[in-house]
Amino acid sequence: MRRTGRTGRAALLVVAALVVAGCSTAPSSSTALSAQGLTQADDGWYGLPLTVERSLPDVTLTTTSGRPFRLDTELAGGPTLLFFGYSSCPDICPVHLASIASAMEQTRTRYDQVRVVFVSVDPARDTPERIDTFLDHFDDRMIGLHAALPVVEEALTQLDLPGPIVEGPDPRGEGDLIGHPAQVIGFDAEGRARRVWPFGTRRSDWVADLPRIVADWSA
Amino acid sequence: MNVAWWCSSNPGQVWTWRYTPFVGVWLAAAALLGLYLGAHRRAGRPVDPRLLRRWVAGVAVMAVVSEWPLGALGAGYLATVGIGRYIALTFVVAPLLLSAIPTWLLDRWLPHGSARWTATRWLTRWPVALLVFNAVLFGTHLPVAIDTLKVYQVGSFAVDAAHLLAGLVWWFPAMRREADRGAIREPLRAFYLFASSILMFVPATFLAFSPLPLYGLYELAPPLWLGFDPVRDQQLAGVLMNVVGGLALWTVIAIGFMRWARAEERADLEARRAAGRSAAG
């Protein structure tokens, strides 16, 4: 009888422990699964090399101050990191931009040495003011661009990337979440796409790659 | 290499301040309370209200740090909260639970001569306990351990369980009074606690002074607010471990040492009085 009681108590504890484990709070997301970061290749880079030839798209967007900005001509002459995102993005966009801003600061890379360009994929919500406010959280020297959705889609198409997709309501109650490519694309001074940094790139990866970008990709 | 090429609503668990209850936490808390009260009832012993308060407080703190929002924040969003939970489980929950167990109940749960008794006796010898505690402290705060284990729910639970168990093992010789169960006394006790407080500075210093985020888990987690910096979070976690963890330990050391010094002084006085009386007689 006593043995049964002990067994019952033990079973109860085990069940409770398993329930706790089942309801535990660790994110089972690819955000968390990306935690290992990139692997350094034999050539020393963390960013992944592109196997196909792509160039800066010849599309004209608009800066947050209202000036037309043609990607292929305005960005020629120096290395560029290009990222498509939106200011309401809850995870990947702010993490990417924060990592780049912090690594730029840590490696003392100037924004005229490596241009960091953010193109909004959410023209409905991303007003110029909103893009500026968003980028100010990371570094106000980042270049914010916007355009009508077909123009943004054309830029993505030229880079062989899929266009943005509305994926449903944001659990924070801030409208819809928008799916979009998660990689940062690196272009050299001649506008050729050289490498990409998918989400999962860590600050330490950028700290290693930024000096190489300046050294190898500048005019 | 695990990376994401598509930014989607699925990849990240977007943080919201909407209450999300973890039923398992409340079930575990109820099971622990039931275990304690049931053991008293079965033994026909009255519940000591002072000890019950400690047990309830230990269970309550455990539930609070495991429930939303602290449980979720510490498991996947903020290193500061992760370290805070470690401190709570190790330096608050473990000693509260351990000090709430009367000797007769300990004898019931770990009967002399049983396998459990032998295992506990071995694990709670102070050099072994010191080793176990610090192995868990260092092991579970290594970036590879956090980034491998805490990305899974079961792994996260295992880390919490390891912290609590290591805390119980470590506090056992310092808190229990039963000499036959390896209890230690001052000044060894003070040294034992002091040694751990010093070793704790090692991971805390790495956290506080690393210029880069050590844990990918927290670095790549959806930020709670725009402009959130994982390095600042990590620095705060290191300070928390150093200041709060160290302060808690040094307070315990100081209190224990002062009690011991007073007892020694009283014993010395008594001995001198006795010697004086016998000399006068």
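**View 1. Buried residues R125(A) and D122(A) in the predicted model.** Both R125(A) and D122(A) are buried in this predicted model. Their side chains meet in a salt bridge, with an N to O distance of 2.7 Å. Over all chains, the structure holds 23 salt bridges.

**View 2. Salt bridge between D126(A) and R130(A).** The N to O distance between these two side chains is 3.9 Å, and the pair counts as a salt bridge because the cut-off is 4 Å. D126(A) has a relative accessible area of 2% and is therefore buried. R130(A), at 35% relative accessibility, counts as partly exposed.

**View 3. Salt bridge between D188(A) and R194(A), with its network.** The side chains of D188(A) and R194(A) meet at 2.9 Å, N to O. D188(A) is buried, its relative accessible area being 3%, whereas R194(A) is partly exposed at 33%. Salt bridges with shared partners join D188(A), E190(A), R192(A) and R194(A) into one network.

**View 4. Patch of positive charge on the surface of chain B.** The patch gathers R177(B), R185(B), R259(B), R262(B) and R266(B). One of these residues, R266(B), is found in helix α12 of chain B, which spans residues 230-280. The relative accessible area of R266(B) is 53%, so this residue counts as exposed. The cut-off for exposed is over 50%.

Technical notes
Residues numbered from 1 in each chain as written. Chains lettered and ligands numbered in written order. Predicted model: local features only at pLDDT ≥ 70, side-chain atom pairs only at ≥ 80, totals over all residues. Heavy atoms only, no water. Patch = residues over 30% accessible without salt bridge, like charges linked within 9 Å, V, L, I, M, F, W, Y side chains within 5 Å. Areas by Shrake-Rupley, 256 points an atom, 1.4 Å probe, with all protein chains shown as cover. Lys, Arg positive; Asp, Glu negative; His and termini not counted. Charge placed at Lys NZ, Arg CZ, Asp CG, Glu CD. Helix = DSSP H or I, 4+ residues; strand = E, 2+ residues; numbered from the N terminus. Buried < 20%, exposed > 50% of the residue type's maximum accessible area, 1.4 Å probe, protein only.
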